[in-house]
Amino acid sequence: MKQTAEIGIFGGSGFYEFAEGNVEEIKVETPYGPPSDKIALMTVAGRRVAFLPRHGKSHSLPPHKVPYRANLWALKSLGVTRVLAPSAVGSLQAHIAPGDFVIVDQFIDRTSGRLDTFYDGPIVTHVSSADVYCPQLRSLAIDAAKVNGVTVHEAGTSVVIQGPRFSSRAESVWFTRMGWDVVTMTQYPEVILARELSLCYLTIGLVTDYDAGTVVEAAAVEAHNVLEVLTKNTTNVKNVLRTLLSHLPESRVCPCVDSLKYARME
Ligand SMILES: [Zn+2]
């Protein structure tokens, strides 16, 4: 397999400006249908990056319609071994404020009906989900956030809801009382499909606002700031990812590489 890119990035359309020099857009076919859009191949901090807008370039795919399997497969087919997946999240805890970054280390799956495995048989494969976020990438992301002066929470549990609706107030209160940190709609099954392909996966939760029912007073104060926060998050995440890429060692020193080692019933 010819390696076209080493690192995959899922994100919003702001990433096209990320490139140093030319961007080549290519169409990739997979056994799982087409990915969300064309994949943009670019160089960032001297590394070859494949960028895929998760919701499509025109943002036409809602979270439950994103072709997650095709997206991960397409990146892998280009030679990608590490996936960086920044994503907007709502805060479930008062101390996690809009504009903060959360380096997620656990998920709670509240989605339904999404195609979430590559292993429908005949080779039965059970991958471990105990720790699916790459420790090497997480550690680099924490350092990169600090270098760029971003308030960073070094761990956090992300509740992935089905969407496209937001949480009810009662659901939100429940998530908060369980001690979970942020809520999002896209991390599952993305993270687990990456694991099934032995890819490293990192998500950076970019906190945009407080979820419904959470710390209501704070939400009232912050509501008018959402646009300002989104702009700030976009700038910060690009700086953080650029720093991360410039410090990223060539070799993967993490358990992700061996994710299939004990996963097969053979
Ligand atoms: Zn890894």
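1. Three bridges connect β2 to strand β3 (residues 39–44), and the two strands run antiparallel. Strands, marked E and at least two residues long, and helices, marked H or I and at least four residues long, are DSSP runs numbered from the N terminus. Two strands pair if DSSP finds at least two bridges between them. Within this pair, Glu24 stands opposite Leu41 in β3.

2. The structure is a predicted model, in which local features need pLDDT of at least 70, side-chain atom pairs count only at pLDDT 80 or more, and totals for chains, interfaces and linings use all residues. Residues are numbered from 1 along each chain as its sequence is written.

3. An open sheet is formed by six strands in the order β2-β3-β4-β1-β5-β12, with mixed pairing. Its edge strands, β2 (24–26) and β12 (200–202), each pair on one side only. On average, neighbouring strands of this sheet are turned by 25 degrees against each other, direction ignored.

4. Helix α2 (residues 135–147) lies across β5 (82–84) and β12, and runs at about 35 degrees to β12. Such axes are lines fitted to C-alpha atoms, for helices over the stretch in contact, and angles run from 0 to 180 degrees between N-to-C directions. Contact between two residues requires C-beta atoms, placed from the backbone, within 7 Å.

5. The largest nonpolar core has 71 residues, and Ala141 and Tyr201 are among those with the most contacts inside it. Helix α1 (residues 68–77) gives the most to this core, with six residues. A nonpolar core is a set of buried Ala, Val, Leu, Ile, Met, Phe, Trp, Tyr and Cys residues joined through C-beta atoms within 7 Å. Ala141 touches Ile103, Leu202, Ile204, Val240 and Leu244, leaving aside residues up to four places away in sequence.

6. How many of the ten residues of α1 are buried? Nine of them are, and the helix is thus mostly covered. A residue is buried if 20 or more other C-beta atoms lie within 10 Å of its own, exposed if 12 or fewer, and partly exposed in between, with C-beta atoms placed from the backbone. The buried residues of α1 pack against β1 (7–11), β3, β4 (47–53), β5 and α4. After α1 comes Gly79, whose phi is positive, near 100 degrees.

7. Pro189 is found in helix α4 (residues 187–196). This residue is buried, because 22 other C-beta atoms lie within 10 Å. Pro189 touches Tyr68, Arg114 and Asp116, not counting residues up to four places away in sequence.
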